[in-house]
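Visitor: Hi! Could you walk me through this one while I have it open?
Guide: Happy to, just ask away.

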Amino acid sequence: MTSLPTPLLSAAGLHVTFPGRRGGPSARAVDGVDLDIGAGEIVALVGESGCGKTTLARSLLGLVAPTSGRVTFGGVPLGYGSRALKAYRKRVQLVLQDPSGSLNPRHTVYDAVAEGLRIHGYTGDEHSAVSRALSRAGLRPPERFFLRYPHELSGGQRQRVVIAGALVLQPELIVADEPVASLDASVRGEILALLLRLRDELGLSALVVTHDLGLAWNIADRVAVMYLGRIVESGTVEEVLTSPRHPYTKALLSVLPESDVPPVILTGEPPDPSRIPPGCRFHARCQVLASGEAERAGVAERCRTGEVGVLGSGAGVACHWA
């Protein structure tokens with residue numbers, strides 16, 4: 001039997017719990033997550049605000065230590081000492097959604113891109129490394145941008161500078177948190193095409209955090225849908241976005257402009273990690289339960305009271321009805 005290749009980045013049984021304010025209930029922001037990202041693979045982590053996807057991404061980056069569970073990179077458990085994290089963050093880089101907030105307005109483009117090299121004590125040719133990173137990010141000729149400041153650039157150019165700052169350390173994986181959310185529609189396609197080109201040319205892996213399933217369709221190899229701290233559905237783009245099984249995934253897809261089904265308006269309160277309901281954590285907002293379909297299928301009581309198990313890192317769905 002042929003063994004599967006070791007994932008580049010893997011989370012196993014990951015929990016992140018934050019203490020409550022003023023003695024209130026703690027918030028289980030990440031509540032048992034298994035997730036793998038392979039070499040050269042783009043995974044989209046999708047869900048509405050408050051579902052825990054950004055906390056999960058920060059935990060995978062080592063910015064938030066998990067309450068329990070573990071993160072491994074290349075099969076090696078992630079250490080949380082300063083030296084281990086510094087070495088890890090050279091191999092795994094973050095790209096934030098707001099390039100204006102990510103760039104120091106007093107730094108030139110050259111200094112912004114060179115900052116990571118200086119932090120990590122790079123001893124090679126800094127000028128060549130910065131030029132190479134800017135070129136790979138689509139800012140050519142790079143010398144034209146060296147002495148410019150962020151306010152002199154367009155939104156798309158600023159995002160390319162942020163991406164160049166990540167690329168300059170030659171990482172193996174980037175975590176992009178809503179990488180095109182602040183950009184005009186005309187520029188989004190260019191940045192997505194850039195990420196795909198970097199994957200193809202450099203073998204770069206990526207975790208793209210987004211609320212936009214349309215973005216996932218355009219860029220990802222696999223999709224993981226997150227709700228209230230857990231992955232509720234995962235699989236290839238074709239599996240999840242053309243044949244969704246979880247009611248939450250179906251609701252997210254229904255509101256896309258190109259959807260050919262009536263939009264599903266989710267009622268009830270949005271996810272609150274300090275008040276996780278019994279049973280399926282989506283049941284209070286579930287359109288299948290509200291329509292009586294779950295009752296007719298004989299699973300309504302399980303939906304309301306039966307805990308749904310944690311979904312493993314492979315393809316699948318965590319739903320009594322599905």
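Visitor: Where is Leu63 placed?
Guide: This is a predicted model, and in it Leu63 lies in the loop between α1 (53-60) and β4 (68-73).

Visitor: Switching topic: how many residues of strand β9 are buried?
Guide: Six of the six, residues 222-227, so β9 is largely enclosed by the rest of the structure.

Visitor: Which way do the β9 residues point?
Guide: Arg222, Ala224 and Met226 point one way, while Val223, Val225 and Tyr227 point the other way, and all are buried. In a regular strand, side chains alternate between the two faces of the sheet.

Visitor: Does β9 run parallel or antiparallel to β3?
Guide: Parallel: four bridges join β9 to β3, residues 42-46. Leu45, for instance, has Ala224 in β9 as its bridge partner.

Visitor: What about β10, parallel or antiparallel to β9?
Guide: Antiparallel, with six bridges joining β9 to β10, residues 230-236. There, Met226 has Ile231 in β10 as its bridge partner.

Visitor: How many residues sit between β9 and β10?
Guide: Two, and the two strands form a hairpin. In the turn, Leu228 has a positive phi of about 50 degrees.

Methods:
Residues are numbered from 1 along each chain as its sequence is written. This is a predicted model: local features need pLDDT of at least 70, side-chain atom pairs count only at pLDDT 80 or more; totals for chains, interfaces and linings use all residues. Side-chain values use heavy atoms; hydrogens and water are left out. Buried means under 20% relative accessible area, exposed over 50%, partly exposed in between (1.4 Å probe, protein chains only). Two strands pair if DSSP finds at least two bridges between them.
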